[in-house]
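I opened this entry to look up two things.

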Amino acid sequence: MKNSFKNLFILSFFFVLLLACTKDSLPENENLVENVNDSVFKTIVNLGFPENVIEDYGSYYLVDRDIVFYKNKKYHSPVIDPVTKQRRHPNSVTISNVNVYINPGMNLAWRNASTAAINRWNAVNSSLNLNITSSTANAHIRIMYDSQDPSVTLANNVFGRGEFPTANGLPGVRIWINPDFASNTFCGGPITQNMRISNVQHELGHNLGITHTNQGFGSLIPGTPGTDAQSVMNGGQACTINNFSAGDITAIEYLYPVAWVGLPKAYTRFPDPTICTNVFVQQDSYILPVSPGADTYELTSNSPNLYVDTNVSPGHIITMITNHTGNYTITLKTTNQYGSSYATIYVTAIQCNGGGGIGF
């Protein structure tokens, strides 16, 4: 009986997702591509980008205004996972120590912003270390003005641009910054130092393999929220992005985990879930974040009136079903070879207006 409930829930949720898909749009642009059949263009489309965000700049395609795909490089075409919008690029960065060159021809404000952005990345508890280097010879990533690269000119509505990793395990090489970004026109005021820092931080994310949080391409990063208005990796928000959100930090810790010794952590998501009674489709699609060091995850309900999945994993929606309103608790148990840790999920069950799903 429980398995049938769960299967019906999953099918219902998938159907809702199909109905919810939308396409992004851009203004008319003379560089937009029409009827192109080369493999890189097809790969970009297979990654989930709509064709109207792909622009042809001769030797490369510019996608979503700040991502570069070179026509002479190979890119993987992954299976698209439509579950959530915090995502990674299919090409992984496999090195932990990444050397970053900051072009000395940039002014002091931009050089300081680049250093501060690197420090923000290094402040996250991950295995990734970004090291500033004074030489281009050993640099994995190079930060520069667009005017310092004769092959690139950024439009006045583009703050910066990065490039994704390719298939060799190394980061994308270049980050181009536009010091002439028309901030007064597009942001309603001058460029601030925090805008400089957060936009370099954003582009570093692309070069290290993280896609736009608010776009629909790339693979799901387990444990991240379905939407994240505070993510520094949101696209098209150069005026307002700030620092890493909790979802960004979860993504980085997942992609670049530190070696873990000892008891695992037990992390739950905030806010706690609210569900509807007598329906299979939950009002709150609750997903566990990654718990560092955990090998297994188990959930136990405090009441026979609340059914919950038992053996779970981060990034998957947890089924919760009850036909009684009220407040419940679910205990999360995380376990590894050193023992177990525990955390509590507080569940509120309400009678939703109009039903909202299939009743018992």
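**Disulfides**

I checked burial: cysteine 276 and cysteine 352 are both buried (under 20% relative accessible area; exposed is over 50%, partly exposed in between; 1.4 Å probe, protein chains only). This is a predicted model, where local features need pLDDT of at least 70, side-chain atom pairs count only at pLDDT 80 or more, and totals for chains, interfaces and linings use all residues. Residues are numbered from 1 along each chain as its sequence is written, and side-chain values use heavy atoms, with hydrogens and water left out.

I searched the whole structure and got 2 disulfides (cysteine sulfur pairs within 2.5 Å). Their pattern is 1-2, 3-4, counting bonded cysteines along the chain.

Cysteine 276 and cysteine 352 bond with sulfurs 1.8 Å apart. I read -90° about their S-S bond, a left-handed link. Cysteine 276 sits in strand β11 and cysteine 352 in the segment after β17, so the pair ties parts 76 residues apart in sequence. Strands are DSSP runs of E, at least two residues; helices are runs of H or I, at least four; numbering starts at the N terminus.

Cysteine 187 and cysteine 239 have their sulfurs 1.9 Å apart. Their S-S torsion is about -75°, so this disulfide is left-handed too. Cysteine 187 is partly exposed at 25%, cysteine 239 at 28%.

**Strand β5**

I looked at residues 97–102: 5 of the 6 are buried, so β5 is largely enclosed by the rest of the structure. Valine 100 partners isoleucine 132 in β6. Tyrosine 101 stands opposite arginine 142 in β7.

Terms used
Two strands pair if DSSP finds at least two bridges between them.
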